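Thanks for asking me to look this one over. Here are my notes, point by point, with the model to hand.

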Amino acid sequence: MAQTINTEVTRTDARRKVTGTASYAADMIPAGMLHGAMACSAIAVGSVTSIDTSAAEAEPGVVAVYTHETLPDYKTVKGFYAGGPGSSSFWPMEGTEIRYAGQPLAYVVAESAAAARRGADLVSVEYSESGAAIHMDPEESFVVGAGEDSEGMILTKGDLQAGLDGASQTVDMTFTTPFQHHNPMEMFAATAEWRGDRLTVWMPSQSVRTLRAGIAGAYGLPETSVRVISPFVGGAFGSKAGITPYAMLTIAASKAVGAPVRLIVTRPQMYTVATFRPETQQRFRLGADAEGRLTAFEHVETAQTPRFDDVVNPGTHITRAMYACPNIRTEQRLSRSDTNTGGFMRAPNEMQTFFGLESAMDALALKVGMDPVEFRRANDTMTHPTADVPFSSRSLMESYDAVAQGFGWSERGREIGSMTDGDWLVGYGCATATYPTNILASNARVRMQATGSAYVELAAHDVGTGTYTIMAQVAAARLGLPVEAVDVVMGEGDLPVAPISGGSTTAASAGSAVHDGCMKIARQVAEVVSSMAEGPLAGVDPSRVTLDDGTLRGPDGQSQSLAEALQMVPEGEVEVVGTFRHPALTPELIHATFAGGYGTAGPVTPEMAMFAFGAEMAEVRIHRYTHEIRVPRLHGAFAAGTWLNRKTSHSQLMGGMVWGMGSALHEVTETDTPRARFLNANIAEYLIPVNADVREVRVEMLEERDDYVNPLGVKGIGELGIVGTAAAIGNAIHHATGKRLTALPFRISDMVSA
Ligand code: MOS
């Protein structure tokens, strides 16, 4: 059984998913269910002067139409982070005010989804419209909390100007990244059913406990009266982490009509009723000496935020951890515009910041005349540059060396434009990937039966990443059972506390709680069998019995399989609650997680800095005449502590790299700027890489041991793969053509004009 971890285990839910028997939240249909639909604002900023719902109400099948004036007992959860991640402080349908395009203005309940949609289309709204700006203006930006509690929003070490003055080469470069929107396969949906004062909500969620706590708090109900159920999630990546208006509107509408109501948000509405990746600007001023060592490092990140919320995903906290430098300055800024509240999207804001950082590093390497990989090596460090604590483990250069070998980096032409193949200009580029190892408290209930079955229950989530499988693997490995003998139940708010599935934390934190539960089972069983008159472990000191892949071992070499020992326990089973409480978790952070919030420790603790690392290399080909950009090869090597499952880990890293390619070449939310609206608000017009774009993607997974991060030695990898891909592709484009592209996504038009 020792082979259960770090092997390729096929997802335990794969068959259910591909045969359609896995029930997603919107597949649950309570008896008597009605259907909801929203009518949303056609203007961005202003107010509702009148709403006429008579045509909608006359539509056959329509049961009720609610507006800000007529929806009774509608509750909201205010404040970004207040009730958990991603809650807006401005909520629709509380009054006449309109603050973003696509803001819900009316909620229709009908006997069929089609009737509800028709009803929503028939709601007639008159507006008073004010001017609106959808794009941020970095000239009009600010630092959150500066002067009081700036939480590292501005950080200075050494003397930046002296470092720039003393450099033999410098770069001063500004990069931009666009709005990007979530388009998960599973659409946003919520179904609410009230029975008296008891409420059940089926909704795809990355944080069922956040949702339960927020809803119960809003309605003044005990948490035991609110069930939140989210067994499967068909793509999340930050889009299903918060408490959203569409959910609270559905809950209120269901209460008002006295029947269960299900809302499936339309594809266009998904752009304005949930979170997205805000646009950013990244400015880097770097200096290096003649040997290629950094003498100055400045990063100023400005990110878009709505008028009413300060959404900070501090990318500068990550970039400043990358390279040794005596003089560092980072500054985190926000700039307001008229949108709904943005937030998380896979690696916020590492994706954006590393596009800038790694492009600037490439430019500086060229200026000092060094190979880009060797330039990173010259600035590698085992000590966090600003926190002055060691990295718990850091395999950045091992990653570069591994990927370089497989990729054939040594064949890279030294000169720009030196590699061609017929009419194709060929370029090689590289970039660093990293992701912080965030730490959150978790519990997990684990039960093992003498019959050879085990049960694992916790309020964690499988957002498509393979959590069901890896939780079963951890228990199977420790308890000495086959993976199929472990039943994992997750995705319900009533289960033992597990953290939000965000920030790449679930495998590490929830997995460690499962691990701890198995150890506790072993201890309890050891206490029983050691006190018995007979048996292999009779009379041994139970505190000295260890569990080694399903085998209990005494101090003098005595041993007995856990399953066999369990048969000597009168109950024939043992049930415990395993816990994960990293020493870096303060009581306040533990409390925050248990209250449904986001009590994250790390990635920097008073003792250590915890990050996963990787290196990515891209080959691009640009057609000499059409300027078409192709990426025939994308290679990455990554080190992230223990690999729990080599198949699902590989998929996460590969998926991240493919999404990174999308960020580089395809993805952008276009805007109707004069009207402050998202334009291509539809999965059909939002470009992502397809099979024809994705050619060879190779992922190498390096071995790394880290005893500090958690008992399993696991670092999160859900987001690692996307970080660095855009820069690797951009650097390869520069190598092929000499054109330095500074705005995502890269387009043929950039190749013509740059
Ligand atoms: Mo992830 S963007 O932390 O859901």
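1. A salt bridge here is a side-chain nitrogen of Lys or Arg within 4 Å of a carboxyl oxygen of Asp or Glu. Please keep in mind that the model is a predicted one. By this rule, 42 salt bridges are counted.

2. Let's start with Arg377 and Asp401, whose side chains form a salt bridge with an N to O distance of 2.8 Å. The pair links distant parts of the chain, as Arg377 belongs to helix α9 (residues 372–378) and Asp401 to helix α10 (residues 396–407), 24 residues apart. How accessible are the two partners? Arg377 has 32% relative accessibility and Asp401 has 37%. Buried means under 20% and exposed over 50%, so partly exposed is the label for Arg377 and likewise for Asp401.

3. Next comes the salt bridge between Asp421 and Arg621, with 2.8 Å between the closest N and O atoms. Which parts of the chain does this pair tie together? Asp421 sits in strand β19 (residues 419–421) and Arg621 in strand β28 (residues 611–623), so the pair connects parts that are 200 residues apart in sequence. Asp421 is partly exposed, at 39% relative accessible area, and Arg621 is partly exposed as well, at 23%.

4. Some salt bridges share partners, and in this way Arg212, Glu223, Arg227, Glu492 and Asp494 are joined into one network.

5. Arg99 is partly exposed at 24% relative accessibility, and Glu97 is partly exposed with a relative accessible area of 42%.

6. Now for the second largest pocket, which holds about 1000 Å³ of space. Its lining is made up of 31 residues, and those nearest the centre are Met185, Gly235, Phe237, Arg346 and Trp659. Which element gives the largest share of the lining? Helix α15 (residues 646–665) does, with six residues.

7. What classes of residue line the second largest pocket? The lining has 15 nonpolar residues, eleven polar ones and five charged ones. For labelling your figures, note that Gly counts as polar in this scheme.

Methods: Residues numbered from 1 in each chain as written. Predicted model: local features only at pLDDT ≥ 70, side-chain atom pairs only at ≥ 80, totals over all residues. Heavy atoms only, no water. 1 Å grid on protein atoms, 1.4 Å probe; cavity = no way out; pocket = protein on both sides within 12 Å on 5 of 7 lines; lining within 4 Å. Points joined across faces, edges and corners; volume = space filled by probe spheres on them. Helix = DSSP H or I, 4+ residues; strand = E, 2+ residues; numbered from the N terminus. Buried < 20%, exposed > 50% of the residue type's maximum accessible area, 1.4 Å probe, protein only.
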